[in-house]
Amino acid sequence: MNRFIKGFRFTPSNYPDEIEEKIQQYKKRGYKLPSRRLLRTPEQLAGIRESARINTALLDYLTEHIREGVSTEEIDRMVYEFTTRHGATPAPLNYEGYPKSVCVSVNEVVCHGIPSPTQILRSGDIVNVDVSTIYKGYFSDASRMFLIGDVSPEARRLVRVTRQCMEAGIAAAQPWNRLGDVGAAIQEMAESNGYSVVRELCGHGVGVRFHEDPDVDHYGRRGTGMLIVPGMTFTIEPMINMGLRNVTFDKRDGWTVRTADGMPSAQWENMILITETGNEILTY
Ligand code: MF3
Ligand code: CO
């Protein structure tokens, strides 16, 4: 049998006995477990990996083209053209009525910024570009921050610490840990640096659909929440505010999320696979 060669090599219906046994023990002790459909089969995982590869290549491509003077609409066009040229579909387009192929969130916009021809990137802006790809029916999702021109030391620090928040969350996302361990790690990193964690939006299962269970909160308490089990794929995507954690939802466009105090916000996102021995970042 080759189930143990190089990480995750089994199907949920064909679990190694010791993993199955472990799951049953946790179940008896009353832990909240992911449903079986959230544990990826090798076939699903192969498709998810292909989707993630395109998604990462897209972010790399955008990295070469995003600069001062570019409109967020032009970023949208680049995303649409790159994705379709690779035989894939931008997942945001028409998702629950979302009108564009990408979310571009500048400065005080926390997430879900809608690209516009009149929004031009300016020196000093910090920008989140969030891309999600559907390929052969499989979903991937990741975002990065971009610094435009001369960015203040304060805003640079926010972007750097937010990345560290994401990394701390990924480090805590170990098999047989709990989702609360992930949230706590992120919250501690943010708050010990004087920042706050947005609570209204969360990471999520992803792969077979765009947004699946579980919700992955970016705050919380260690030793609480769903058990983290090999075979799960989910995002970790903390939104960290320089000021207060409160946000507003734009009533006109139905999407744009902003900080209530108008201070800057940053976000980094990757999707990971939980393996028997740790995790693998699928969007690097
Ligand atoms: N990409 C976002 C996420 O990280 C979801 C955006 S939904 C959209 O989950 F419709 F605005 F694209
Ligand atoms: Co996401």
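A word on conventions before we start. Because the model is predicted, local features need pLDDT of at least 70 and side-chain atom pairs count only at pLDDT 80 or more, while totals for chains, interfaces and linings use all residues. Residues are numbered from 1 along each chain as its sequence is written, chains are lettered from A and ligands numbered from 1 in the order in which they are written, and side-chain values use heavy atoms, with hydrogens and water left out.

Let me begin with the chain as a whole. It has five helices and 15 strands, where helices (H or I, at least four residues) and strands (E, at least two) are DSSP runs numbered from the N terminus. For 284 residues, a compact globule would have a radius of gyration near 19 Å, and the chain, at 19 Å, agrees with that; the radius is taken over C-alpha atoms, and the globule rule is 2.2 Å times the number of residues to the power 0.38. Along the principal axes, the C-alpha atoms fill a box of roughly 55 × 45 × 30 Å. Of the 284 residues, 54% are buried, and here buried means under 20% relative accessible area, exposed over 50%, and partly exposed in between, with a 1.4 Å probe and protein chains only. If we take contacts (heavy atoms within 4.5 Å) between residues at least 6 apart in sequence, 71% of them join residues at least 24 apart.

I turn now to the interior. In soluble globular proteins, nonpolar side chains tend to be buried together. To return to F234, its contacts, not counting residues up to four places away in sequence, include L179, H204, V216, I228 and I272.

Which residues would I inspect one by one? I would take T83, which sits in helix α3 (residues 72-85), and which is buried, with a relative accessible area of 1%. Leaving out residues up to four places away in sequence, T83 touches L58, A88, T89, P90 and T133.

As for H112, this residue lies in the loop between β3 (109-111) and β4 (126-135) and counts as partly exposed, at 24% relative accessibility. H112 and V257 are 145 residues apart in sequence, yet 6.3 Å apart in space, C-alpha to C-alpha.

Finally, some backbone geometry. A cis peptide bond, with omega about 0 degrees, joins D213 and P214, and P214 is found in strand β8 (residues 212-216). E96, although not a glycine, has a positive phi of about 50 degrees; E96 is found in the loop between β1 (89-90) and β2 (103-106) and, at 66% relative accessibility, counts as exposed.
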